[in-house]
Amino acid sequence: MRALEPLAWVGPAIVLIAVVVIWPVIEMVRSSFLEISRFGVVRGWAGFANYDELFAEKDFADIMVRSVIWVVAVVVLTVVVSLALAQLFNQRFPLRKVARWALIAPWAASVLMTAIIFKWMLDPEVGVINQIRLKLGLIDAMGGAAADQLGNASTAMPWLVFVAVFVSVPFTTYALLAGLATIPADVYEAAKMDGAGRFRTYWSITLPLLRPALTVAALINIMNVFNSFPIIWAMTHGQPGYSTATSTIFMYILKGSDIGESAAMSVINFGMVIVLTVIFLKVSRWNKEVA
């Protein structure tokens with residue numbers, strides 16, 4: 001009986017994981033092999049028909065490539081900006097606490113609300129960004145007064161990436177700030193005595209010691225950004241066509257016409273998240289000791 005005592009502590013967690021994580025994944029995979037009407041009525045076993053239809057979609061390859069580019073662009077830019085901000089906010093300067101609190105605002109606000117606000121700001125007729133362009137005399141240079149920044153894929157995707165970075169930076173910055181707080185001050189003192197400059201100190205000491213926090217922050221961002229839905233859906237609905245749609249948006253669109261095919265897209269998404277995570281962990285060498 002004594003050997004079973006730990007189950008009293010870990011049992012509830014195991015049950016929660018089974019109900020919230022494992023069971024939905026099993027149902028998702030099972031649904032991808034069923035023929036399901038748009039109203040949710042199961043018509044029978046479909047085999048690999050849903051996957052065949054999915055792979056036959058003419059936009060499927062472009063959407064998957066765009067999804068990878070979306071994740072890489074947002075995560076890399078978020079990490080770069082957050083590294084700079086974390087280093088800045090780790091210094092002492094007037095009103096530092098106010099600046100740190102201000103940084104929380106994009107994180108504390110609803111992602112959907114933030115996306116809608118940026119959509120309004122980018123309105124081609126009354127949006128504040130268009131008004132600023134008008135005041136600066138940039139209207140003609142940027143497509144004229146009727147230019148719709150979200151109506152063209154070439155301009156919409158950069159704005160979507162910008163908004164995604166905007167809402168991701170606060171968490172990442174605070175995660176890196178926590179990592180910077182764990183670096184002993186005497187390490188920097190030793191580097192200073194050895195004559196190391198600021199760049200050399202940052203590259204050889206700060207970044208290696210910051211790697212655990214950086215790995216965790218980047219990994220969470222990869223999963224969040226890949227599964228991101230509100231930003232793209234609120235700002236463009238994946239349009240025009242599917243030119244701004246990622247695999248998550250495409251999955252949601254498919255749900256309206258073919259639940260089985262949408263479930264197949266969900267399985268592909270699940271596999272893609274695992275693949276991207278494994279690749280990142282392999283590249284970051286997260287389990288290697290810092291020299």
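**Close-up 1. Helices H8 and H9 at the second largest pocket.** Helix H8 (185-193) and H9 each supply at least two residues of this pocket's lining. The model is predicted: local features need pLDDT of at least 70, side-chain atom pairs count only at pLDDT 80 or more, and totals for chains, interfaces and linings use all residues. Residues are numbered from 1 along each chain as its sequence is written, and side-chain values use heavy atoms, with hydrogens and water left out. Helices (H or I, at least four residues) are DSSP runs, numbered from the N terminus. A pocket is found on a 1 Å grid over the protein atoms alone: it is an open set of points where a 1.4 Å probe fits, with protein on both sides within 12 Å along at least five of seven lines. Lining residues have an atom within 4 Å of a point. The second largest pocket holds about 490 Å³ of space. Its volume is the space filled by probe spheres set on the points, which are joined across faces, edges and corners. The lining has 16 residues, and Gln87, Gln91, Tyr188, Arg198 and Thr201 lie nearest the centre. H9 gives the most, with five residues. By class, eight lining residues are nonpolar, six polar and two charged. Here Ala, Val, Leu, Ile, Met, Phe, Trp, Tyr, Cys and Pro count as nonpolar, Asp, Glu, Lys and Arg as charged, and the others, Gly among them, as polar.

**Close-up 2. The largest pocket.** About 570 Å³ of space lies here. Of its 21 lining residues, Leu214, Ala218, Phe280, Val283 and Ser284 are the closest to the centre. Helix H3 (60-89), helix H9 (198-226) and helix H12 (259-284) each give two or more residues to the lining. H9 gives the most, with eight. The lining has 17 nonpolar, two polar and two charged residues.

**Close-up 3. A nonpolar surface patch.** Val15, Leu16, Ile17, Val19, Val20, Val21, Ile22 and Ile26 form this patch. Together they have about 730 Å² of accessible area. Areas come from the Shrake-Rupley method with a 1.4 Å probe. Patch residues have over 30% relative accessible area and no salt bridge, and nonpolar side chains are joined within 5 Å. Val21 is found in helix H1 (residues 7-31). Val21 is partly exposed, at 45% relative accessible area. Buried means under 20%, exposed over 50%, and partly exposed in between.

**Close-up 4. Three salt bridges.** The structure holds three of them. Each is a side-chain nitrogen of Lys or Arg within 4 Å of a carboxyl oxygen of Asp or Glu. Glu27 pairs with Arg30, with the closest N and O atoms 3.0 Å apart. These two residues are about one helical turn apart, because they are three residues apart in helix H1. Glu35 meets Arg43 at 4.0 Å, N to O. Glu35 is partly exposed at 38%, whereas Arg43 is exposed at 58%. Lys58 pairs with Asp59 at 3.4 Å. Lys58 is exposed, at 73% relative accessibility.

Close-up 5. Val167 is found in helix H7 (residues 153-181). Val167 counts as buried, at 12% relative accessibility. Val167 and Ala109 are 58 residues apart in sequence and 8.7 Å apart in space, C-alpha to C-alpha. Gly241 lies in the loop between helix H10 (230-235) and helix H11 (247-255). Gly241 is exposed, at 55%.

Methods
Patch = residues over 30% accessible without salt bridge, like charges linked within 9 Å, V, L, I, M, F, W, Y side chains within 5 Å. Buried < 20%, exposed > 50% of the residue type's maximum accessible area, 1.4 Å probe, protein only.
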